[in-house]
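Subject: Structure handover

Hello,

Here is the structure I said I would pass on. My notes on what was found in it follow below.

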Amino acid sequence: MSESTSPESVPVEGASHTGRRRALISISVMLATVMQALDTTIANVALPHMQGTVGASQEQISWVLTSYIVASAIVMPLVGFASDRLGRRRVFLWSVVGFTLTSMLCGAAQSLGQLVLFRLLQGIFGASLVPLSQAVMLDTFPKEKHGAAMAMWGMGVMLGPILGPTLGGWLTEYYSWRWVFYINLPFGILAWLGISAFVEETETDQSRRFDVLGFFLLSLAIGALQMMLDRGQSQDWLQSGEVLFELVLTVGAFYLFVCHMFTSKAPYIDPGVFRDRNFNLGLIFIFIVGIILLATMALLPPFLQNLMGYPVVDVGLILAPRGLGTMMAMVVVGRLSGRVDPRYMLFCGMLLTAFSMWEMTQFTTDVSRGAIIGTGLVQGFGLGFIFVPLTTISFSTLAPRYRNEATALYSLIRNIGSSIGISVVMAYLAQRTQINHAAFASYMTPYNQALDNAVGQGVLDVSSPAGLAMLDKAVTAQASTLAFLQDFRLMMWVVLAAIPLLLLLRPATPTTAE
């Protein structure tokens, strides 16, 4: 494949940047990363307020989230091709401008149709921000400092989804739901100014052709998968014809895409990127990180609000220390990078994460606020010890010419892991709640000593509808509590099952292949 460099393009070499310039580049791209990462969760807590403003039903307002997720997932694999063809800096700048403008339009939307349309456009422009910021950081810093660079980059990627609900709840409570979008304006302006001034253009490949069929097949597979995951719970999964159709579309389109990728002369995604063992294993691990990161955040708010009675603002404050743990871990990892084998740090991070999940299986509705915060700190620390070493070792042996495509795939797999993780844990929660309720209800007999004592002492009157409703409410609460704990245990086993894969990772020895 021949390469031609545009007149304004210059090769990007990490060693050529001074410390001050690296810092300015890092700040600039991190602003874009934080802006996009926040938007993955910040709008969730504002949905009920949006619903009232635009007059939408519960199912209709969910499209505000679905449109963003689906658009972002479909466009993300396109980032590699667009960067190679047009130049990374140019694509980055247009993405920041588009994301900022569409954020303003989302905040000003007056109807559900406008809000969904603008969120879809926001997802299209936002898809490239995280992978491009990662690629810029990897190119800006020399190999020996990639660990420290990924620690800085990882703070934005990991802290955004964790702090998003807290910030979104605060803005919605004291200002308006529109401010969860307007807050992107200062981030967008500063990011654009910094990228324009400090980030250099990359080499372009004008000979690379766009693989229309490959793009169509992969977009169809990803779009159908995201729709299936989003609609599955409300449509009773495989009992629904719609979900079955989306499953068939996902499997069929992905199979055809893989066949096309390995037989086409100019495929949409170069299969050479998958020849690197560390990168392939990194995709598996980041898929698991995606599950744990957002699936836990999907479970804890309803556990704290519905079962323990915490208000939404308090829930955000209780979950915020999880992000503090992640930040502390990334500072430590940045110091250890280059001195400690990333595989050892990964092992420690996975053990800490699994331990925190085990601690969560001991929760009850009487668990103290301090215990929840402590567990969150441990889990955040563990995830920080996974994310940065994983990113470093995944790209350590990959040829630099694959970096644009690889970073886009890396972010895509993490997002898909999050989507699948949330869908699985919520479906498992509903299923286990029903099973547990049936099991507990079977003990509600005249031979149950505790129940008999409650009736005898006048605490409960099972002869009246109100008393039976109270009993059913208590049984449901206990069934739900156990279902949450079973979900936490499931995620603990997912983390533990992935640990043996660490043995397959190679040491982080840089490649010289171009």
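In which hand, left or right, does α8 pass α18? The crossing is right-handed. Before more on that pair, some background on the chain.

Please note that the model is predicted. Its mean pLDDT is 80, with 88% of the residues at 70 or more. Two stretches fall below 50. One is residues 1-15, which in the model has 37 contacts beyond near neighbours in sequence. The other is residues 510-514, with 11 contacts counted in that way.

The chain has 20 helices and zero strands. Of its 514 residues, 54% are buried. Taking contacts between residues at least 6 apart in sequence, 84% join residues at least 24 apart.

Helices α8 and α18

Two packed helices are described by the angle between their axes and by the distance between those axes. For helix α8 (residues 129-140) and helix α18 (residues 403-441), the angle is about 135 degrees and the axes lie 8 Å apart. That angle makes α8 oblique to α18. On the α8 side, the residues that meet α18 are Val130, Pro131, Gln134, Ala135, Leu138 and Asp139. On the α18 side, they are Arg403, Asn404, Thr407, Ala408, Tyr410, Ser411 and Arg414. By class, this contact has six nonpolar, four polar and three charged residues.

Ser411, in helix α18, deserves a separate entry. Its relative accessible area is 1%, so Ser411 is buried. Leaving aside neighbours within four places in sequence, Ser411 is in contact with Val130 and Pro131, and also with Met76.

Ser133 is a residue of helix α8. Ser133 counts as buried because its relative accessibility is 0%. Not counting residues up to four places away in sequence, Ser133 touches Val29, Thr33, Phe92 and Trp153. Leu31 is 102 residues from Ser133 along the chain, yet the C-alpha atoms of the two are separated by 9.4 Å.

Helices α14 and α17

The second pair is helix α14 (residues 277-307) with helix α17 (residues 369-396). Their axes are 9 Å apart and the packing angle is about 160 degrees. The two helices are therefore roughly antiparallel to each other. Here α14 passes α17 in a left-handed crossing.

From α14, the contact involves Asn278, Phe279, Gly282, Phe285, Ile286, Val289, Ile292, Leu293, Thr296 and Leu304. From α17, it involves Ile372, Gln379, Leu383, Ile386, Phe387, Leu390, Ile393, Ser394, Phe395 and Ser396. These residues divide into 14 nonpolar, six polar and no charged.

Is Thr102 buried or exposed? Thr102 has 5% relative accessibility and so counts as buried. This residue is found in helix α6, which spans residues 88-108. Apart from residues up to four places away in sequence, Thr102 touches Phe118, Leu121, Gln122 and Phe125.

Regards

Note on methods:
Residues are numbered from 1 along each chain as its sequence is written. This is a predicted model: local features need pLDDT of at least 70, side-chain atom pairs count only at pLDDT 80 or more; totals for chains, interfaces and linings use all residues. Side-chain values use heavy atoms; hydrogens and water are left out. Axes are lines fitted to C-alpha atoms, for helices over the stretch in contact, and angles run from 0 to 180 degrees between N-to-C directions. Helices (H or I, at least four residues) and strands (E, at least two) are DSSP runs, numbered from the N terminus. Angles under 35 degrees count as roughly parallel, over 145 as roughly antiparallel, 65 to 115 as roughly perpendicular and the rest as oblique. A crossing is left-handed if the near helix is turned anticlockwise from the far one by less than a right angle, and right-handed if clockwise. Contact means heavy atoms within 4.5 Å. Ala, Val, Leu, Ile, Met, Phe, Trp, Tyr, Cys and Pro count as nonpolar, Asp, Glu, Lys and Arg as charged, and the others, Gly among them, as polar. pLDDT is the predictor's confidence in each residue, from 0 to 100. Buried means under 20% relative accessible area, exposed over 50%, partly exposed in between (1.4 Å probe, protein chains only).
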